[in-house]
Amino acid sequence: MNSFSSEPMTDEETRRPTFLLIEDDAVDVEAFRRAVKRNQVDCELVHASDGRAALEKLREMVDGNENVGVLAFLDLNMPGLNGHEFLAEVRRDDSLKRLAVFVVTTSRHKRDIALAYDKNVAGYFEKDDLNSVLEMARHFAGRLVFPTLGGQAD
């Protein structure tokens, strides 16, 4: 809603975004949680320890609900279904392909960066500056018109 409108905010405009953290390292998960709190990000934080678990959680979220606001924060280097494989699967899945994904990783390899952007990530960040990532995410989520997940675009 813009500042010139006298219309009440809709549920879509007032709902809290869901941040899905896809990370296998418990220390990094806790650091992300602390950064969310420190940066006063109003979100529901959901954690998945690998790409397969993240896909399951996403599919549960969108099952029967086409109005899901999710931002994913993805580590690339994980056992099982890694970040690149997760991105490939998400982009193949009609119900998930519009998911906004930010890569948050330790990898500075040009190949990893290129592969991530080839899969349409919203941004690529290094883990060593979570405060900046969360500050950006707070502003982004507050202004983002979330893509429709779980259904076809009208």
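Biologist: What do the side chains of lysine 127 and aspartate 28 do together?
Modeller: They meet in a salt bridge, at 2.7 Å from N to O. That pair links distant parts of the chain, with lysine 127 in the loop between S5 and H6 and aspartate 28 in helix H2, 99 residues apart. By salt bridge I mean a side-chain nitrogen of Lys or Arg within 4 Å of a carboxyl oxygen of Asp or Glu. Helices (H or I, at least four residues) and strands (E, at least two) are DSSP runs, numbered from the N terminus.

Biologist: Before we go on, what kind of model is this?
Modeller: This is a predicted model, where local features need pLDDT of at least 70 and side-chain atom pairs count only at pLDDT 80 or more, while totals for chains, interfaces and linings use all residues. Residues are numbered from 1 along each chain as its sequence is written, and side-chain values use heavy atoms, with hydrogens and water left out.

Biologist: Thanks! Which residue does lysine 127 bridge with at 2.8 Å?
Modeller: Glutamate 23, with the closest N and O atoms 2.8 Å apart. Glutamate 23 sits in the loop between strand S1 (18-22) and helix H2 (26-38), and lysine 127 in the loop between strand S5 (123-126) and helix H6 (130-143), so this bridge ties together parts that are 104 residues apart in sequence.

Biologist: Is lysine 127 buried or exposed?
Modeller: Buried, at a relative accessible area of 16%. Glutamate 23 is buried too, at 3%, whereas aspartate 28 counts as partly exposed at 25%. The cut-offs are under 20% relative accessible area for buried, over 50% for exposed, and partly exposed in between (1.4 Å probe, protein chains only).

Biologist: And which residues are linked in a network of salt bridges?
Modeller: Glu23, Asp28, Asp75 and Lys127.

Biologist: How many salt bridges does the structure hold?
Modeller: Nine. One of them joins aspartate 94 and lysine 97, with the closest N and O atoms 3.4 Å apart. Aspartate 94 is partly exposed at 43%, and lysine 97 is partly exposed at 33%.

Biologist: New topic, then. How many cavities of 30 Å³ or more are there?
Modeller: One. About 60 Å³ of space lies in the largest cavity. A cavity here is a set of points on a 1 Å grid over the protein atoms alone where a 1.4 Å probe fits but cannot get out, and lining residues have an atom within 4 Å of a point. Grid points are joined across faces, edges and corners, and the volume is the space filled by probe spheres set on them.

Biologist: Which residues line the largest cavity?
Modeller: Leu21, Glu23, Asp28, Phe32, Phe73, Leu74, Asp75, Val104, Lys127 and Leu130. By class, six are nonpolar, none polar and four charged. Ala, Val, Leu, Ile, Met, Phe, Trp, Tyr, Cys and Pro count as nonpolar, Asp, Glu, Lys and Arg as charged, and the others, Gly among them, as polar. H2 and strand S3 (70-74) each supply at least two residues of that lining.

Biologist: Why do you say S3 is largely enclosed by the rest of the structure?
Modeller: Because five of the five residues of S3 are buried. Val70, Ala72 and Leu74 point one way, and Leu71 and Phe73 the other way.

Biologist: In what sense do S1 and S3 pair?
Modeller: Parallel, over five bridges. Threonine 18, for instance, has valine 70 in S3 as its bridge partner. Two strands pair if DSSP finds at least two bridges between them.

Biologist: What about S3 and S4?
Modeller: S3 also pairs with strand S4 (residues 100-105) in the parallel sense, over four bridges. From S3 the chain crosses through helix H4 (residues 83-92) to S4, in a right-handed β-α-β crossover. Right-handed means that, with the strands pointing away from the viewer, the path from the first strand over the helix to the second runs clockwise.

Biologist: And how many bridges pair S4 and S5?
Modeller: Four, in the parallel sense. The chain goes from S4 through helix H5 (residues 110-118) to S5, and this β-α-β crossover is right-handed.

Biologist: Last one: what is the phi of asparagine 120?
Modeller: Positive, about 60 degrees, although asparagine 120 is not a glycine. Most residues other than glycine have a negative phi. Asparagine 120 lies in the loop between H5 and S5 and is exposed at 57%. Glutamine 40 also has a positive phi, of about 50 degrees, and is found in the loop between H2 and strand S2 (44-48).

Key
1 Å grid on protein atoms, 1.4 Å probe; cavity = no way out; pocket = protein on both sides within 12 Å on 5 of 7 lines; lining within 4 Å.
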